[in-house]
Protein chains: 6
Amino acid sequence: MPYVKIELTREGVTREQKQILIKGITDLITETLNKDPHLTHIAIQEIDLDNWGYAGEQVSVLREKGITADKK
Amino acid sequence: MPYVKIELTREGVTREQKQILIKGITDLITETLNKDPHLTHIAIQEIDLDNWGYAGEQVSVLREKGITADKK
Amino acid sequence: MPYVKIELTREGVTREQKQILIKGITDLITETLNKDPHLTHIAIQEIDLDNWGYAGEQVSVLREKGITADKK
Amino acid sequence: MPYVKIELTREGVTREQKQILIKGITDLITETLNKDPHLTHIAIQEIDLDNWGYAGEQVSVLREKGITADKK
Amino acid sequence: MPYVKIELTREGVTREQKQILIKGITDLITETLNKDPHLTHIAIQEIDLDNWGYAGEQVSVLREKGITADKK
Amino acid sequence: MPYVKIELTREGVTREQKQILIKGITDLITETLNKDPHLTHIAIQEIDLDNWGYAGEQVSVLREKGITADKK
C-alpha cells in the first residue's frame, strides 16, 4: 500500500516524462518490495517557481540569475 | 488538532460535494475523538489526470481506455 | 483515486477510533463521489505533543497548562 | 535536510510575502538547528477557498459571511 | 528541486530495500528530468498497520484475515 | 489558515529548538500575512536517517562517512 508524492518545480515537465516517472517508480516498488501495483498510487505536484524556496531564495529569482537545477 | 488532506484526481468535484466532505469528516472527527471543530482543518487537493499514476499508468491514459474509478 | 492523510496529536486514539475514522471517511467518499472504495487509501499520522504547534505554542505546553482540544 | 511545506488559503499572497516567508524560515532553521541552508527546501501551496474547510465550513462560505482570518 | 515522499505500511522494509528505492528514484529523476541529484531529497514514512485504511478496513485487520499486498 | 509541516532528519532536535521553530514560524506568518495565530498549526516530523535520501544515498550512510548537514 504505497503512496508516493513527487513535488517539484513547474518547469515544463512533459506528459511523457510524467509517465516515465510513474511507470519507473511503480515498477521499482513492485520489484523491490513485491507489492501489487494495483495498491501503488503516485501523485506529481508541480509548484510555481515563486512558491519554491532553496537556500532562502525563491527559485524564480534563482532562475532570473541564470542558476538552474540541471545536472552538471 | 487534526489536519486532514484529501488528495484526489481533478474530475469535476462540485462545490457542494466538497462541502459535504468537509462537513462530514469534521463531524466524524468531532464525534469520534471529541475534538473541538475549531481545531480541525481540512484541505482538498485536486490533481490533474496526467499527474496521478495508478498501477504504473497515468489516470488520463486509463480514462482514455474507458477505465473509470466509479463504484461498481 | 483519493488518498486521505489525517494528521493529529498523539493522545491515545484507540484502534477502534481509528477504524471508525477509516470506515466513515471511506464510506463518505464512496457515497459523495461515487468512488470505488478499493481506490481509497487513508493514513493516520500521530504527532508527538512536542512536535505540534498551535498559536505559537507546543501542544505539550498547552496541555501542561490544562488547555485541551476537547469539544466544549 | 529539512523540507518545509506551507499550506494556506489562496487569498492574494504576494511574491514579496512569499520571499519573506522563504527567507525567514530558512534563516530560522539555519540558526536554530545549524543546518546548511543549501539543504533546506520550502514549498508554498495555495489552496482555493472552496477546498479548505475550517470547523466544518468551506472558507469561501466563511468569507461570504464576512468572517476573515485576519489577526485581531 | 524535487522532493519525494514515499508512504507505505510498516511491514519489515529493510535498510537495503530503502537504499534501493532511494537510489533508483533519484537516478530515475536525474535521467528523466536532467535534475542535479544534490537537489533531490526522498523521505520514506512507514505507517503502522492500524493507521492505514484500504477500502474502509484497517490493514492490520486485512492482514489478520490473510489478505496481503503481495504481487500475485 | 496556514498549516506548516517541517520534515527533517531525526538527529537530536531538542524540545527547546522545536519551540523556537514553532514560535518563530508562527510569528513570521502572523506578521507577514496578518493571520490570526489561532489559525496557524505547525507539525514537525522527524525522519529516521535510514529513511531519508539525499543525492541518491541514505543519510545514515552519509553520516557514517562523516558527511554532515551542518552549516559551514
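**Figure 1. Salt bridge between Asp36(E) and Lys72(A) in the predicted model.** In this predicted model, the side chains of Asp36(E) and Lys72(A) form a salt bridge with an N to O distance of 3.3 Å. The pair crosses between chains: Asp36(E) sits in the loop between α1 (15-33) and β2 (41-47) of chain E, and Lys72(A) in the segment after α2 (59-64) of chain A. Asp36(E) has a relative accessible area of 11% and is buried, because the limit for that class is under 20%. Lys72(A), at 79% relative accessibility, counts as exposed.

**Figure 2. Salt bridge between Glu57(A) and Lys65(A).** Both partners belong to chain A, and their closest N and O atoms are 2.8 Å apart. Glu57(A) is partly exposed, with a relative accessible area of 23%. Lys65(A) reaches 52% relative accessibility and counts as exposed. Over all chains, the count comes to 60 salt bridges. Side chains of opposite charge can pair when their charged atoms come close.

Figure 3. In chain B, the side chains of Arg63(B) and Glu11(B) meet in a salt bridge of 2.6 Å, N to O. Arg63(B) is part of helix α2 (residues 59-64) of chain B, while Glu11(B) is in the loop between β1 (3-9) and α1 (15-33) of chain B, so the pair ties together parts 52 residues apart in sequence. Glu11(B) is partly exposed, at 33% relative accessibility. Elsewhere, Glu11(A), Arg63(A) and Lys35(E) are joined into one network by salt bridges that share partners.

**Figure 4. Surroundings of Val59(A).** Val59(A) lies in helix α2 of chain A. This residue is buried, with a relative accessible area of 0%. Which residues is Val59(A) in contact with, leaving aside its neighbours within four places in sequence? The contacts are with Thr9(A), Leu49(A) and Trp52(A) in chain A, and with Met1(E) in chain E. Thr26(A) is 33 residues from Val59(A) along the chain, and the C-alpha atoms of the two are separated by 29 Å.

**Figure 5. Relation between chain A and chain E.** Chain A superposes on chain E by a rotation of 180 degrees with 0.0 Å of shift along its axis, at an RMSD of 0.0 Å. The two copies are therefore related as by a two-fold rotation axis. Within chain A, Lys5(A) has the C-alpha nearest the axis, at 2.6 Å from it. Of the interface residues of chain A, 100% are also interface residues in chain E, so the copies meet through the same surface.

**Figure 6. Interface of chain B with chain F.** Here 4 residues of chain B are in contact with 4 residues of chain F. The size of an interface is often given as the accessible area lost when the parts come together. Between chain B and chain F, the area buried is about 390 Å², and carbon and sulfur atoms give 75% of that area. The side of chain B that touches chain F has 3 nonpolar residues, 1 polar residue and no charged residues.

Terms used:
Residues are numbered from 1 along each chain as its sequence is written. Chains are lettered from A and ligands numbered from 1 in the order in which they are written. This is a predicted model: local features need pLDDT of at least 70, side-chain atom pairs count only at pLDDT 80 or more; totals for chains, interfaces and linings use all residues. Side-chain values use heavy atoms; hydrogens and water are left out. Contact means heavy atoms within 4.5 Å. Buried area is the accessible area (1.4 Å probe) that two parts lose on being put together, summed over both. Ala, Val, Leu, Ile, Met, Phe, Trp, Tyr, Cys and Pro count as nonpolar, Asp, Glu, Lys and Arg as charged, and the others, Gly among them, as polar. Copies are superposed by least squares on the C-alpha atoms of residues with pLDDT of at least 70 in both. A salt bridge is a side-chain nitrogen of Lys or Arg within 4 Å of a carboxyl oxygen of Asp or Glu. Buried means under 20% relative accessible area, exposed over 50%, partly exposed in between (1.4 Å probe, protein chains only). Helices (H or I, at least four residues) and strands (E, at least two) are DSSP runs, numbered from the N terminus.
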